[in-house]
Amino acid sequence: MAPIINVKIIMAIQEKKTIISGPHILKFDISEIENIYFTSDIHVNHANIIKYCNRPFKDVEEMNRVLFDNINKTIGDNPEAILINCGDFIFGNVSMYDDLIDSIKAKKIYNIIGNHDIKNIVQRRTMIPYDETAKVFWSTELIVQIWNGPKLYTIFTVSHYPHCDGQFLGSFNIHGHLHTSKNLDEYTGTDANIARKLKENGMCYDVGVDGNDYKPVKLTDVLTGNLIMYQLSPDHVNFKKWQEIINNK
């Protein structure tokens with residue numbers, strides 16, 4: 001007699017598979033830069049993050065809804081949108097993960113593993129090899145290259161923890177983790193001093209929701225200096241040059 005197969009159990013196991021890879025190199029053509037967005041530290045279902053970071057939400061249900069609505073409103077109707085999340089996607093109730101990912105309109109989602117993701121995602125899901133055709137995969141870190149044919153325009157790193165000066169490849173570093181406040185002068189968080197030093201160095205930018213009006217950050221805003229918290233240093237990013245490149249591409 002053939003064994004009885006519990007289809008529901010098999011489906012549940014399949015749903016808990018997560019693609020993981022990295023560090024991974026992403027190569028984009030200059031024509032694609034309008035499609036690239038960054039965010040970080042959403043902390044789905046983390047009630048205490050509302051208090052810790054003074055988020056303007058009455059509960060996690062409102063926070064979850066607003067943050068994901070903001071992602072889709074920022075992306076809009078762009079069918080080629082690419083969302084790069086710099087970690088700490090979800091804090092509790094991981095069963096919501098698949099539905100939340102499916103709700104994001106982006107064509108491709110790159111999730112970098114944050115310190116909370118290790119416990120809440122990576123340790124609770126079955127890891128499978130990286131598949132270039134998949135909509136979503138997790139990486140330890142990204143190295144992003146922007147090309148125009150054979151010419152490399154820029155290269156930068158994307159990580160959860162910020163990189164120190166001289167410890168990464170490329171012109172600058174996009175990161176999360178610090179929950180940097182929009183107003184650095186009033187920022188009293190645990191990592192306030194680190195955030196201020198990173199601003200002074202001008203080589204890193206925190207794309208976490210707490211400092212960016214709870215919305216994703218566009219790569220074009222990074223490259224042209226049109227950022228909410230502060231600009232990267234002109235020593236590392238030539239804003240005028242990038243404005244000309246973007247206008248003429």
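**Pockets and a lining strand**

The largest pocket is lined by 23 residues, and Tyr52, Cys53, His179, Tyr187 and Gly189 lie nearest its centre. Two elements, α2 (47-52) and α5 (115-120), each give two or more residues to this lining. The model is predicted: local features need pLDDT of at least 70, side-chain atom pairs count only at pLDDT 80 or more, and totals for chains, interfaces and linings use all residues. Residues are numbered from 1 along each chain as its sequence is written, and side-chain values use heavy atoms, without hydrogens and water.

A pocket is an open set of points on a 1 Å grid over the protein atoms alone, where a 1.4 Å probe fits, with protein on both sides within 12 Å along at least five of seven lines; lining residues have an atom within 4 Å of a point. The volume of the largest pocket is about 490 Å³. Its lining has six nonpolar, 11 polar and six charged residues.

The second largest pocket holds about 270 Å³ of space. It is lined by 15 residues, of which Phe28, Glu32, Ile82, Lys108 and Tyr110 lie nearest its centre. Both β2 (24-29) and β5 (108-112) give two or more residues to this lining. Strand β2 gives the most, with five. Seven lining residues are nonpolar, two are polar and six are charged.

Strands are DSSP runs (E, at least two residues), and helices are runs of H or I with at least four. In a regular strand, side chains alternate between the two faces of the sheet. In β2, His24, Leu26 and Phe28 form the covered face, whereas Ile25, Lys27 and Asp29 form the uncovered one. Strand β2 pairs with β8 (residues 142-148) in the parallel sense, over six bridges. Leu26 has Val144 of β8 as its bridge partner. Pairing requires at least two DSSP bridges between two strands.

Conventions
Grid points are joined across faces, edges and corners, and a volume is the space filled by probe spheres set on the points. Ala, Val, Leu, Ile, Met, Phe, Trp, Tyr, Cys and Pro count as nonpolar, Asp, Glu, Lys and Arg as charged, and the others, Gly among them, as polar. Buried means under 20% relative accessible area, exposed over 50%, partly exposed in between (1.4 Å probe, protein chains only).
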